[in-house]
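Below is a short briefing on selected packing features of one protein model. Please read it alongside the sequence and the coordinates.

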Amino acid sequence: MKNSGPVVVIGSGPAGAAAALFLAKAGIETLILEAGSKEAPLGFTARLRGFTFAKRRPPLQQRPDFTAIGDTAMKLFEELAPGGLSNHWSCAVPRFADEDFRDAERAGEAHTWPVSYADLAQWYDRVEPLLGIAGDVRETPHVPNGRPKHRWQLSREWDPVVRAAETLERSVVVMPYANGSATMATRSGTAFNAYTQLVLPAVHAGELAVLYDAQVQRLEWSAQDKRVVAVCYRNTLTGRQERVRCRAVVVAAGAVNSAQILLQSSSADFPAGLGNEHGVLGRYLHDHPLAKVVVDLPRAVPIHPASYLTRQSLERSEPLYAAACMQWCGAPALVRSALQGHPGRSRQVGFTVFGTMVPRPENFVALDPDQPTNGGQSQLLVSLEYPREVYETLERARDELLEVLRLAGWEPRLNDWTIESPGSSVHYGGTCRMHVSPRYGVVDAKCRIHGVPNVAVADSSVFTTGPEKNPVLTAMALAARTSELLARDLHDHVL
């Protein structure tokens, strides 16, 4: 007998918000379980034509309940508040490119995605209008043409840089940003918070519901029905263990929490965690290795909109090792330029360098067997260590950035170079990865757990690999696709 109740979405971050929204639009009763409080302070952001002139948000906090092994300097940030870590997001929204999926395929069977760019293109098209994107409309092999609401173009002074990058088989484009040109005031610490801008309007319209202060701990598997029949959570206000019956579940709690929930969902059929028959759950944790470079120039150059120096071509890079440079162009940089007497121009330009790494099973999230649980919540062991190739890739991107600027006649001088600790980018992925085979993945091409037909995972944890681009837009596109496919099966009584 098919189970009654809503489809439960775990988490109200960008992927959870997209999953819930597309389920609700398909006529499915949808309930979001959110660990944060309805009254959690989210901060405040005010913008005028895309320029932030007032911002306040709570400080980013590290989780206290984990032990780092591998690189013990690694960071694990968490935001137990509606919208999750999108309250600290830079709002960059590039699409993954066709070559990102081909790069994974050339790395071998274990790293091949079960979906392609062609599979996701329509979902990018459907999600992007929700974000009010400002960006470029030029097509490059590295960054596909999206659907920006507002068109941005680099100043013509950047043309020599664009041409110089092409000689090294890179591209220079405008980095697309959510609400990039918006005039707005929002109860959020950033220009786009998935909860305030997607979930709340749907709640007010009566399209879905949110249960706050609900820290999900496990999914309840029925051996008789061969499906998950309830979601068990701890009410953080009362401390009581509670449960809600469900037709299906979409887990969208982030790469670490999604894996933790499934690992804690053990049963006689799944003694090592839900869907973990092959020991893959929690494995292949990956991150965007992060570095920062600051360059001094002999003259001031335009710094808005932000430029993006893309990765090397596939032909010039090893499989799954690449890096791109994202120019800084936030309110602090613009204020400094005004104080220096040349608003919107600067003689100092900073870039964040996002690199990639080959996902390995040795990097993982696991339950700590030697630590007691806290109200049903396990302590974690997290292993993440960068191989030597990561540092070489970041340094090569730095050197090519300087070379591009030199070829453009900008006479750059390196001011600062820093490689950050693992986890600093807050871009974890891969612990519940997609793959056609359960030997290499936890979920299939529909993002359904292998062997668990009514549970999907819809966040960056399903990424088979981690291209050098900000993951949020792709996580939202996958979540939208996952939810619509789930809704079709529910309407057709397949589930």
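Which residues does T190 touch, not counting residues up to four places away in sequence? They are T45, R57, S86, N87, W89 and C91, where contact means heavy atoms within 4.5 Å.

This is a predicted model, in which local features need pLDDT of at least 70 and side-chain atom pairs count only at pLDDT 80 or more, while totals for chains, interfaces and linings use all residues. Residues are numbered from 1 along each chain as its sequence is written, and side-chain values use heavy atoms, with hydrogens and water left out.

**Loop residue T190**
- T190 sits in the loop between β11 (184–186) and α5 (194–204); helices (H or I, at least four residues) and strands (E, at least two) are DSSP runs, numbered from the N terminus.
- With a relative accessible area of 2%, T190 is buried (buried means under 20% relative accessible area, exposed over 50%, partly exposed in between, with a 1.4 Å probe and protein chains only).

**Helices α1 and α9**
- The axes of α1 (residues 14–25) and α9 (residues 472–491) come within 8 Å and cross at roughly 30°; axes are lines fitted to C-alpha atoms, for helices over the stretch in contact, and angles run from 0 to 180 degrees between N-to-C directions.
- The two helices α1 and α9 are therefore roughly parallel to each other (angles under 35 degrees count as roughly parallel, over 145 as roughly antiparallel, 65 to 115 as roughly perpendicular and the rest as oblique).
- On the α1 side, the contact is made by P14, A15, A18, A19, F22 and L23.
- On the α9 side, the contributors are V472, A475, M476, A479, A480, S483, E484, L486 and A487.
- The residues of the contact of α1 with α9 comprise 13 nonpolar, one polar and one charged (Ala, Val, Leu, Ile, Met, Phe, Trp, Tyr, Cys and Pro count as nonpolar, Asp, Glu, Lys and Arg as charged, and the others, Gly among them, as polar).

- Three strands form an open sheet in the order β6-β22-β21, with mixed pairing; two strands pair if DSSP finds at least two bridges between them.
- The edge strands, β6 (66–70) and β21 (364–367), each pair on one side only.
- Neighbouring strands of this sheet are turned by 20° against each other on average, direction ignored.
- β21 and β22 (residues 380–384) run antiparallel and are joined by four bridges.
- A366 stands opposite L381 in β22.
- Helix α6 (residues 255–264) lies across β21 and β22, at about 40° to β21.
- Of the 10 residues of α6, 10 are buried.
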